[in-house]
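Here is a structure for a first look. The questions below take it part by part.

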Amino acid sequence: MTTFDHTAAGPSSPSFAVHIPDAELESEPLDPGQIVSGEPVVTGRTLWESEDGKQLRGIWQITPGVVTDTEANELFVVVSGRATIEVEGGDTLEVGPGDACVLREGDRTTWTVHETLRKAYHISL
């Protein structure tokens with residue numbers, strides 16, 4: 001595994017590999033208004049960001065609890081953990097290790113995190 005300094009990331013950054021299950025993450029405090037129940041804690045790490053800031057790739061983790069969110073255009077793959085994602089006016093998605101999920105920009109979601117969930121993501125803003 002290559003050690004990666006995400007502060008240097010950009011379109012001209014070299015190729016790299018990160019072992020997602022062991023990657024160190026940084027605190028990303030939740031807006032208290034998003035918490036429905038429990039005491040979920042969010043951590044993450046941006047691995048790459050386009051020069052214009054409209055494309056992001058990274059790792060994100062949330063501990064058990066229930067939170068709401070308004071989504072960006074995102075593709076993610078769950079590495080560990082389980083959650084139920086209710087999309088307002090749409091489907092209820094059950095996700096766990098190995099599942100790929102696509103959320104559309106503007107989707108209003110409620111995440112019920114059953115087991116600490118870690119995902120690798122690509123977001124288009």
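Q: Which residue in β8 stands opposite Leu-75?
A: The model is predicted: local features need pLDDT of at least 70, side-chain atom pairs count only at pLDDT 80 or more, and totals for chains, interfaces and linings use all residues. Strand β6 is joined by four bridges to β8 (residues 100–103), and the two run antiparallel. In β8, the residue opposite Leu-75 is Val-102.

Q: How many bridges join β6 to β9?
A: Two strands pair if DSSP finds at least two bridges between them. β6 and β9 run antiparallel. One of the bridges links Glu-74 to its partner in β9, Ile-123. The number of bridges between β6 and β9 is 13.

Q: Which residue in the hairpin of β6 and β7 takes a positive phi?
A: β7 covers residues 92–95 and is joined to β6 by four bridges, in the antiparallel sense. Across this pairing, Ile-85 has Leu-93 as its bridge partner in β7. Four residues lie between the two strands of the hairpin, and the residue with a positive phi, near 75 degrees, is Gly-89.

Q: Is Thr-84 buried or exposed?
A: Thr-84 sits in strand β6, which covers residues 73–87. Residues count as buried under 20% relative accessible area, as exposed over 50%, and as partly exposed in between, with a 1.4 Å probe and protein chains only. Because the relative accessible area of Thr-84 is 9%, Thr-84 is buried.

Q: At what distance does the side chain of Thr-84 make a polar contact with the side chain of His-114?
A: A polar contact is a pair of N or O atoms within 3.5 Å; within protein, one must be able to donate a hydrogen and the other to accept it, and residues adjacent in sequence count only if both atoms are side-chain atoms. The side chain of Thr-84 has a polar contact with the side chain of Glu-94, at 2.8 Å. For the side chain of His-114, the polar contact with Thr-84 is at 2.7 Å.

Q: How far is the C-alpha atom of Thr-112 from that of Val-66?
A: Thr-112 lies in strand β9. With contact meaning heavy atoms within 4.5 Å, Thr-112 touches Gly-65, Val-66, Arg-82, Ala-83, Thr-84 and Glu-86, not counting residues up to four places away in sequence. Thr-112 and Val-66 are 46 residues apart along the chain, and their C-alpha atoms are separated by 4.5 Å.

Q: Which residue in β4 stands opposite Arg-45?
A: β3 and β4 pair in the antiparallel sense over seven bridges. β3 is mostly covered, with six of its eight residues buried. In β4, the residue opposite Arg-45 is Ile-59.

Q: Which residue has its backbone nitrogen 3.2 Å from a polar atom of the side chain of Ser-50?
A: Ser-50 is in the loop between β3 (42–49) and β4. Because its relative accessibility is 11%, Ser-50 counts as buried. The backbone nitrogen at 3.2 Å from the Ser-50 side chain belongs to Lys-54.

Q: What is the volume of the largest pocket?
A: A pocket, on a 1 Å grid over the protein atoms alone, is an open set of points where a 1.4 Å probe fits, with protein on both sides within 12 Å along at least five of seven lines; lining residues have an atom within 4 Å of a point. The lining of the largest pocket has 18 residues, with Trp-60, Asp-69, Glu-71, Lys-119 and Ile-123 nearest its centre. β4 (55–62), β5 (65–70) and β9 (108–124) each supply at least two of the lining residues. Taken as the space filled by probe spheres set on points joined across faces, edges and corners, the volume is about 360 Å³.

How values were computed
Residues numbered from 1 in each chain as written. Heavy atoms only, no water.
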